[in-house]
Amino acid sequence: MPTDAQRQLYASYLATGRGGTELFQSFEGGDDVENAVVLAADIVDFLGSVGREGIRADEFEKIEALATSTSAELFTLSDFLQFLAAATSTLSHRESEVQPRYERHSSTGKRRSLFLKEPPTYSWNEDTMSQSLRRMQYAVRGEVVMLAEELKAEGREIIFTNVGNPHAVGQKCITYYRQVLALCDLPDECGVDHPDVERLFPKDVIARARLYKDAIGTGGTGSYSHSQGVKEFREHVAKFIEARDGHESFAGDIFLTNGASTGIQNILVALMSSDRDAVMIPIPQYPIYSALIALLGGRQVGYMLDEQSSWAVTEEELNSRLDEAKATGLKVKALAIINPGNPTGQVLDRRTLETIC
């Protein structure tokens, strides 16, 4: 039977990726963890005693097969950490396949390690790095894209729709935005105050650029702004929200971020405060949610979207997943809604949104 200390180490690892080395050491019992080995059968017995919590079925089958083989399979610390990373990842974890593909990828560029006869040894490596980062997966910018680019290099026609990147597939930039940005970035004498500015730019662009430059101040676009973003810009956002949604909105409650991903990260960083904190996210989902939750040591609670009902979500599904999470001791602190859906594309109707909220 596992000790209380082992259970705590395992719970910590599931949430944060930390404690894997100490858990390995608890099996072996010695101080020389670098040279120690543990039987695969001991690992299987331990996982069985904790109900295989957080362990992928396919990875458990692999180690179980090793444990029951005629030869006694031994795990080093490195083997153990690699197994844990794969077994507790949300998606299938093929570290041994992805890393070589990344290293030989044409867009990666030359790496020093490729010219060495023996693999280099570093103090910062797969075993000593953040194991939550090792478990994190962001396939839309990783394995999927690398494989697609390899196929493209072979002459296959590939349309890249892994991320919202319309310019990469031929969409032209919206002229108005580019013109306003150009005038904001240019020094006044070369832009808004240039004698030929009205011949080079439309009047509405010039007026908008002057408005923005006044709001930004003399430091220009290269200077730091208020931590929440330029106040006048936030006031514009508040007015838009009021016009769209029909209720009051306040600039002081709005934070401007460098893209949606930064906003999601900021919120999740502030939310995750313990090993049992969880966030409910839709399945299918854009993988930044599952990736960041894993990186920050949180727990993912997926609620299923119903494809037969145009990827809708029901109150029954949300309550069922919430109850399951609570039953396992998780503290659900947030519910993520992706609307319009990504990658599903559906738009939630008002009734569904009211049900969720």
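Trainee: In which loop is Pro284 placed?

Mentor: The model is predicted, so local features are given at a pLDDT of at least 70, side-chain atom pairs count at pLDDT 80 or more, and totals for chains, interfaces and linings use all residues. Residues are numbered from 1 along each chain as its sequence is written, and side-chain values use heavy atoms, with hydrogens and water left out. Helices (H or I, at least four residues) and strands (E, at least two) are DSSP runs numbered from the N terminus. Pro284 is placed in the loop between strand E3 (277-283) and helix H14 (288-295).

Trainee: What is omega for the peptide bond that joins Ile283 and Pro284?

Mentor: Most peptide bonds are trans. The bond that joins Ile283 and Pro284 is cis, and its omega is about 5 degrees.

Trainee: Is Ser310 buried or exposed?

Mentor: Ser310 lies in the loop between strand E4 (299-304) and helix H15 (315-327), and its phi is positive, near 60 degrees. Buried means under 20% relative accessible area and exposed over 50%, with partly exposed in between (1.4 Å probe, protein chains only). The relative accessible area of Ser310 is 55%, so this residue is exposed.

Trainee: What is phi of Trp311?

Mentor: Most residues other than glycine have a negative phi. Trp311 is in the loop between E4 and H15. Its phi is positive, with a value near 65 degrees.
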